[in-house]
Amino acid sequence: MSKIAKIIFFAVIIKPLVILGLGLNIRGRKNLPLKGPAVIAANHNSHLDTMVLMSLYPLSKINRVRPVAAADYFLANKLITWISLNVIGIIPLDRSGNTTREELFDECHTALDNGQILLLFPEGSRGLPEEMGRVKKGLYHLVKDRQDTRVTPVVLHGLGLALPRGEALLVPFNCDVIIDAPMETCESSDDFVANIQQRYNSLFELCITKNNEEL
Amino acid sequence: MTEIPANSFYVMSGIIGILVLASIVCILLRFKNPQVDYTELRQRIQSWWVMIALLFFVLIISETASLIFFGFLSFLAFKEFLSIVPIRHADRPVIFWAYLAIPVQYFWISQGWYGMFIVFIPVYMFLLLPLRMVLIGETKGFIKAVGTIHWALMLTVFCVSHIAYLLVLPIKNQAAGSIGLVIFILFMTQFNDVCQYVWGKILGKHKIIPKVSPNKTWEGFLGGLFSITICCGYVAPLLTPLTFTQGLLAGLLISSAGFVGDIVISSVKRDLQIKDSGTLIPGHGGVLDRLDSLTFTAPLFFHYIYFLVY
């Protein structure tokens, strides 16, 4: 039931919105992992980030894609919880610090074991529009013991302008989606953070919309 | 669905013939030189097939479908332009208002209201946008912001909408119908790009404006000018109310204006240090990369025939 709801939701609302209302400049589409277990690690500026990344997938594969999202935000009330869990299929993540590190990623590991593709935002929360926050180490701890899972860095640019934090009016702008090749495994968390940060920086250079916020 | 007027039908068939020829040449090239990468050429021709199919489809269906098509094209071009230039986040509401001008402009065209069509963006939107911007109250960068947004609207909506207005002009050449003028300006503008490119490749030596576009040469420009002028002289009487001599002049106008439109958009991209304005059309780049010459040829050709014939 919820599988069908997800397909209809993306076919009728999200895909048309992303294609007509926004418009994407996609680079490196062949790097997009179509099979799990895999992790997509993107920068976070707008509510649309998750929707844009999921809309890259064909409808037949959309149920494999699971965004990892903050529990305090996406399980805030009954309606949002229902949509988040049943229509988008998020994996809620507790940011309060009350959960131990082992338990924190339980659901993520289950999903990866089932061959699903996780979408997550290693900065932790949405930053200022078009500004990259510091990458946190959580992602490293999630994948360090998993030989089967590689991390694909993705840079999104322009979405913070189309729908910034706290705004309700969507103004159409083209957005860049640049998908990098999957990362090699790293020795330490510092190594990982430095590595992915460097990847992000070089991907930002490829953005067609990079001049967008300089005036 | 209306019957296609005879002359327009012949020219449309001719265009499809040219595409078939281009596809065959591309296949032969790949067959002959398997080691050379022809991906871009192949994508370019494939995209031409899609663009021509879409255009002919809407032109044949109805005037309304065609107006919606060109309105949508304006929307895509305007969006693309604002996505590459520097803008202020505070101006999002102003840009939203500017977007609303697109359906309104095409509505005036659908009503055949020439007076409103010709002043709406240059006068009313020109005055309205700074008003909306003042209400936001952000003064830092005001001049650049208001200039950028209005220039974008002029280029991608006002100029492009002249193509659409050709459709609602009274028909003076029955054998071409209202779509004849549109096919004429679109074909001549795009063919001019191709001719200037080909002449430049064959004979190109003396650069015209190396700072903006190092590939543009006097030989390419003059070769294109000559070819298009002759071509327009012979095709204009078929598709438009113009005579042979008037057609020759139209050719001169289209070829030189097309060149200017091309290098103006090149300057924009060079200023921003990007190669293409988007990735929507494989092998070509963005919508603006394809519409660049048209933003200049469409209004100039429109007013040329409007002055001569209407």
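**Salt bridges, helices and surface patches**

User: How far apart are N and O in the salt bridge of Asp276(B) and Lys275(B)?
Analyst: A salt bridge is a side-chain nitrogen of Lys or Arg within 4 Å of a carboxyl oxygen of Asp or Glu. The side chains of Lys275(B) and Asp276(B) meet in one, and the N to O distance is 3.9 Å.

User: What kind of model is this?
Analyst: Residues are numbered from 1 along each chain as written, chains are lettered from A and ligands numbered from 1 in the order written, and side-chain values use heavy atoms, without hydrogens and water. Local features need pLDDT of at least 70, side-chain atom pairs count only at pLDDT 80 or more, and totals for chains, interfaces and linings use all residues, since the model is predicted.

User: Is Lys275(B) buried or exposed?
Analyst: A residue is buried under 20% relative accessible area, exposed over 50% and partly exposed in between (1.4 Å probe, protein chains only). Asp276(B), with 25%, is partly exposed. Lys275(B) has a relative accessible area of 71%, so Lys275(B) is exposed.

User: Which residues are joined into one network by salt bridges that share partners?
Analyst: Over all chains, the count is 12 salt bridges. Those that share partners make one network of Asp113(A), Arg146(A) and Asp148(A).

User: How many residues apart in sequence are the parts that Glu184(A) and Arg150(A) tie together?
Analyst: Glu184(A) and Arg150(A) form a salt bridge, with the closest N and O atoms 3.0 Å apart. Glu184(A) is in the loop between β7 and α9 of chain A and Arg150(A) in the loop between α7 and β6, so the parts they tie together are apart in sequence by 34 residues.

User: Are Arg88(B) and Asp91(B) buried or exposed?
Analyst: The side chains of Arg88(B) and Asp91(B) meet in a salt bridge at 2.8 Å, N to O. Both residues are buried.

User: What is the radius of gyration of chain A?
Analyst: Chain A has 9 helices and 7 strands, which are DSSP runs numbered from the N terminus (helices: H or I, at least four residues; strands: E, at least two). The radius is taken over C-alpha atoms, and the globule rule is 2.2 Å times the number of residues to the power 0.38. For 215 residues the rule gives 17 Å, and chain A is as compact as a globular protein of that length because its radius is close to this, at 16 Å.

User: How many residues of helix α2 (residues 48-55) of chain A are buried?
Analyst: In chain A, 52% of the 215 residues are buried. The buried residues of α2(A) include Leu48(A), Met51(A) and Ser55(A). The helix is largely enclosed by the rest of the structure, so the count is 8 of the 8.

User: Which helix of chain B gives the largest share of the nonpolar patch?
Analyst: Patch residues have over 30% relative accessible area and no salt bridge; nonpolar side chains (Val, Leu, Ile, Met, Phe, Trp, Tyr) are joined within 5 Å and like charges within 9 Å. The patch has about 580 Å² of accessible area together, with Ile16(B), Val20(B) and Trp49(B) among its residues, and the areas come from the Shrake-Rupley method with a 1.4 Å probe, only the protein chains shown counting as cover for residues. Both α1 and α2 of chain B supply at least two residues. The largest share, 4 residues, comes from α1(B).

User: Which helices of chain A each supply at least two residues of the negative patch?
Analyst: Asp and Glu count as negative and Lys and Arg as positive, with His and the chain ends not counted; a charge is placed at NZ of Lys, CZ of Arg, CG of Asp or CD of Glu. Glu102(A), Glu103(A), Asp106(A) and Glu107(A) gather in the patch on the surface. Glu103(A) lies in helix α5. The helices that each supply at least two residues are α5 and α6.

User: What is the phi of Gln273(B)?
Analyst: Gln273(B) lies in the loop between α9 and α10 of chain B. Gln273(B) counts as exposed at 65% relative accessibility. Although Gln273(B) is not a glycine, its phi is positive, about 55°.
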